[in-house]
Every structure is written in C-alpha cells, then in structure tokens.
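Me: Hi! I've got a model open here and would like to talk through how it packs. Can you take a look with me?
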Amino acid sequence: MESGGLLLWALPSALLLALLLQLSPRLRFRAKVLSYCALCLMASALTAPACLLWNGGRTVENMRLVCLICLCPVHRIIKNVVRSFKYLYGLRFDVKGLEHFQVEGPCVIVSNHQSVLDMMGLMEILPDRCVQIGKRELLYFGSVGLIMYLGGVIFINRKSTSNAKSVMSGVGQAMTTDNVKVWIYPEGTRNGNGDLLPFKKGAFHLAIQTQVPVIPVVYSSFTTFYNPEKNLFTSGRIRVEVLPPIHTSGMTATDVTELCDTCYTTMRETFFRLSGTARRVNGSTPHLAQ
Ligand SMILES: CCCCCCCC/C=C\CCCCCCCC(=O)SCCNC(=O)CCNC(=O)[C@H](O)C(C)(C)COP(=O)(O)OP(=O)(O)OC[C@H]1O[C@@H](n2cnc3c(N)ncnc32)[C@H](O)[C@@H]1OP(=O)(O)O
Ligand SMILES: CCCCCCCCCCCCCCCC(=O)OC[C@@H](O)COP(=O)(O)O
C-alpha cells in the first residue's frame, strides 16, 4: 500500500536523522545554521511580494510597511518578521541607549559584525528610515538578496575601493536630500573571535563629508552561545548598547583617522565591558598599532 510504503521509509529515515543529529555535534550545529538560512530565505520569499505590491519597488519605506497580515497600523514588515526569529533560537536582547537614535536628520550608525545572526540584532533596534551597506555578493542570495534590494540596502564591491568610494559618495547625497540614516559595519566583514577587527574608513569619510553625527552601536560577544569552531549554537543573551552620537560638524578629511580611532577605542572598550571579558592579554589595539 502507498501510505504503508511511505511509513516504512519515512519513519526509519527520520529516526536515523534524529540519531545522527544526537551523535554528531558538528551536524547538529550545521543543521541549526541551515535552518536559520532556510528561515531567512522562506520569510524573504513570502515578504517580498508584499513589499513589491505595497511600494512598487525599492524604497526605504519597505522597512516600515503596514502589516497586511495582522492589520496593525504601523507595522514594519521586514523588521518585525526578523524580530520574531529570536524566539525560535532562544535569543534575548538587552538594549540600552536607544534614546541616542533620536538625532534630528541623517546619521551614520557603525556597529560590530560577528555573524549572520547579526541580522536579528540589527532589526531589534533599527531606527526608521535607515539603510545598510552590504557586500555585493549578498544580492545573489536568492530571495534574501531580493528583500535586501527592496529594503534599500546599498551594495558595494569590496574588492574595488574606487567603486565602493563612488557608491558611498552617492549615498552621502541621498542621505541629506532624503533624510536617510546609514548603517555600516566598519570591520567590513564578519568576525566572531571575541575582539573587533581594525575599522575601514569609509563610514567616517561619509560622516565627515556629509557633516552628520556617527552613532556607535555595540553588541556583546556571541562566543558564549555561538561558536562555529566548537559547534556551539545554543540560546543566549546579547547585550546591546547605543552610544552617544559623535558630532562631526567642522571636521575635515584630515580628521577621518582620528574619528575612526576614537570610535574604535570606545567601541572596543564597550565590547569588552558588555561581553564581560578583560582586554586582550597585553591590551594591545591592533588598529592603532599599525
Ligand atoms: C523578511 C525576512 C528577511 C530575512 C532576511 C534578512 C534580511 C535583512 C534585510 C536587511 C539587512 C541588511 C543587512 C546587510 C548587512 C551586510 C553586512 C556586510 O555585507 S558587511 C561587508 C560590507 N560592508 C563594508 O565593507 C562597509 C565598510 N567598508 C568601508 O567603508 C571601506 O572603507 C571601503 C569598502 C569603502 C573601502 O575599503 P578598503 O578595503 O579599500 O579599505 P580602507 O582602508 O577603508 O580604504 C582605503 C583608502 O581609501 C580611503 N577612503 C575610503 N573611503 C573613502 C571615501 N569615501 N572618500 C575618500 N577616501 C576614502 C581610506 O581613507 C584609505 O586611505 P588611507 O589608508 O587612509 O590613506
Ligand atoms: C538560492 C541561494 C541560497 C543561498 C543561501 C542563502 C543563505 C541565506 C542567509 C541569510 C542571512 C541573512 C543576511 C546575511 C548578511 C550577512 O551577515 O552577510 C555577511 C557579510 O556581512 C560579511 O561577509 P563576509 O565577508 O563573508 O564575512
């Protein structure tokens, strides 16, 4: 019989999979990360048509759509969908300093970047009218690329500094004319080793060129609950702090390095404080040591 045959195969296969997952921590870790990717892909595929229908294309307004599903007046679809993921993975965010986002007009937000899980931390506190800078390759991640495109993410080619610089100077103009905030990960890549990488300078050039404040945001280290080397992915608590804005009015291109160093030092100290880790053995600051 059809259903009998199905049961004959499906049941032992499911049991075997459960046993394998139980036996192999690596497999368990991979399965959990894969489930996160699949969730992102699926949620994006379901959300993209709503964004397209509502606003007819790419706009920062997609971040604050009326939620058609629950009919709440000011729900922001992408933000709220991603915010719900944390319950599935048992993650909690303790956020401090949200009042610092209350600046008039545009600003550059800089934060540390540890893993793909950062998307949850980003959406947890994302202010209105804020777009992110992302690597161009993300555009090709299927429906996730599409939802990022629709949400207004600005894609840069990291391999070409001149291309990235010209894209970012276009961003500067849009920021002031359209009153848009920009979120940048100044480390330029993910880094989960319990410290910050040296900062790239694009974010600080942008802030000075447009004379807007820089607002640093720091997420505590994920290493206690998420560590690919140790196949660790459990529930956990993330401390988040939005730091006071650093104003750039009057600064010129010669101040970029100093602004970058100030942000780096402040964020690194905050990172260690939030993570409950002491400074690295000799307390060296790789960025300043270069
Ligand atoms: C509904 C369900 C949905 C579920 C799914 C979830 C969807 C969620 C939706 C939406 C969330 C989206 C989230 C996206 C997240 C993406 C994350 C990433 O992809 S992170 C990687 C890419 N981001 C960056 O790389 C930015 C930071 N990078 C920079 O700013 C760099 O500075 C860059 C690329 C512009 C250049 O990088 P260089 O590697 O060449 O290094 P340098 O040292 O910074 O620059 C070289 C020289 O050029 C000067 N320079 C840089 N920028 C300049 C400028 N604008 N003007 C003049 N000079 C500049 C610098 O001063 C430096 O010169 P001197 O060494 O100081 O002499
Ligand atoms: C159809 C093809 C499907 C391919 C797999 C889809 C995987 C979906 C993953 C969803 C993750 C959500 C967004 C991730 C953003 C992110 O964190 O990207 C990493 C980059 O910032 C830094 O890149 P890197 O230099 O590689 O560290």
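This is a predicted model: local features need pLDDT of at least 70, side-chain atom pairs count only at pLDDT 80 or more; totals for chains, interfaces and linings use all residues.
Reply: Happy to. Residues are numbered from 1 along each chain, and side-chain values use heavy atoms, without hydrogens and water.

Me: At what angle do the axes of α3 and α4 cross?
Reply: Roughly 125°, and the axes come within 8 Å. Axes are lines fitted to C-alpha atoms over the stretch in contact, with angles from 0 to 180 degrees between N-to-C directions.

Me: Which residues make that contact?
Reply: I78, K79, V82, R83, F85 and K86 of α3 meet M119, M120, M123, E124 and I125 of α4. Contact means heavy atoms within 4.5 Å.

Me: And by class?
Reply: The contact has 7 nonpolar, no polar and 4 charged residues. Here Ala, Val, Leu, Ile, Met, Phe, Trp, Tyr, Cys and Pro count as nonpolar, Asp, Glu, Lys and Arg as charged, and the others as polar.

Me: New topic: how many residues has the largest nonpolar core?
Reply: 44, with W183 and V217 having the most contacts inside it. Such a core is a set of buried (under 20% relative accessible area, 1.4 Å probe, protein chains only) Ala, Val, Leu, Ile, Met, Phe, Trp, Tyr and Cys residues joined through side-chain atoms within 4.5 Å.

Me: Which element gives the most to this core?
Reply: α2, with 8 residues.

Definitions and conventions: Chains are lettered from A and ligands numbered from 1 in the order in which they are written. Buried means under 20% relative accessible area, exposed over 50%, partly exposed in between (1.4 Å probe, protein chains only). Helices (H or I, at least four residues) and strands (E, at least two) are DSSP runs, numbered from the N terminus.
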